[in-house]
Amino acid sequence: MQALPNLFLIGPMGTGKSTIGRALAAELQRDFFDSDHVIEQRCGCNIPWIFDVEGEAGFRIRETQVIDEITRRQGVVLATGGGAVMHPTNRRLLRERGVVIYLSTTVEQQLRRTARDRNRPLLQCENPEQRLRDLLEQRDPLYRETATLMVSTDRRSPRSVVAEIRRRTRRYAGSTAYDCPSSLSGYSF
Ligand code: S3P
């Protein structure tokens, strides 16, 4: 099997990072990690509990620890939480240690995918749509700054998204180190 660099999925809540990540890892026969799940397993409690007791700041400290640990591995697929790019250390670790894929979709699709979810504290508010729009405005430049490539998941099957990611990351096979192309900032899609 050819060496493959790590593949890291970033992007807003409800873009399908976990679903795509799991399917991608299965096809490539790689280990899959979801940083939110690892945090929950370590802590023995769920994300709303961590936000309640430790605040978002406490959650972010745990998130950076887990991202640092998992990104040290080789050939893994990692789905990160939507806010992982907020911390400059996370952005650097992701960029330096793998190919970073920004999964994007519309806010409408995000709303549909997260509508009945109670596990995302940031969306337990009066107007989740506005919250998603605000978060996107704030974070989109950071996703672009961190990403090697950007893939839309809007109205697409996981199968088709996985196929596109495989096709576009094939050029990195055979190298665990790679020249990170300049970030996506400033590009329009
Ligand atoms: C968050 C996204 C969540 C989770 C936490 C905070 C965010 O992950 O990490 O609720 O700040 O956008 P998903 O993107 O997997 O929902």
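Guide: The largest share of the shell around the ligand, 3 residues, is supplied by helix α3 (residues 47-71); helices are DSSP runs of H or I with at least four residues, strands are runs of E with at least two, and both are numbered from the N terminus. This is a predicted model, in which local features need pLDDT of at least 70 and side-chain atom pairs count only at pLDDT 80 or more, while totals for chains, interfaces and linings use all residues. Residues are numbered from 1 along each chain as its sequence is written, and side-chain values use heavy atoms, with hydrogens and water left out.

Visitor: How many residues surround the ligand, and which are the closest?

Guide: A residue is near a molecule if one of its heavy atoms lies within 4 Å of it. Here 13 residues surround the ligand, the closest being Lys17, Asp36, Arg60, Arg120 and Arg139.

Visitor: How do the residues of the shell divide into nonpolar, polar and charged?

Guide: Ala, Val, Leu, Ile, Met, Phe, Trp, Tyr, Cys and Pro count as nonpolar, Asp, Glu, Lys and Arg as charged, and the others, Gly among them, as polar. The shell around the ligand has 5 nonpolar, 3 polar and 5 charged residues.

Visitor: Which N or O atoms of the protein lie 2.7 Å from an oxygen atom of the ligand?

Guide: A polar contact is a pair of N or O atoms within 3.5 Å; within protein, one must be able to donate a hydrogen and the other to accept it, and residues adjacent in sequence count only if both atoms are side-chain atoms. A side-chain N or O atom of arginine 60 lies 2.7 Å from a ligand oxygen, and one of arginine 139 is also at 2.7 Å from a ligand oxygen. For glycine 82, a backbone N or O atom is 2.8 Å from an oxygen atom of the ligand. The protein covers 95% of the 380 Å² of accessible area that the ligand has on its own, by the Shrake-Rupley method with a 1.4 Å probe, where for residues only the protein chains shown count as cover.

Visitor: Is threonine 169 buried or exposed?

Guide: Buried means under 20% relative accessible area, exposed over 50%, and partly exposed in between (1.4 Å probe, protein chains only). Threonine 169, in helix α7, is buried at 5%. The threonine 169 side chain reaches the backbone oxygen of isoleucine 165 at 2.7 Å.
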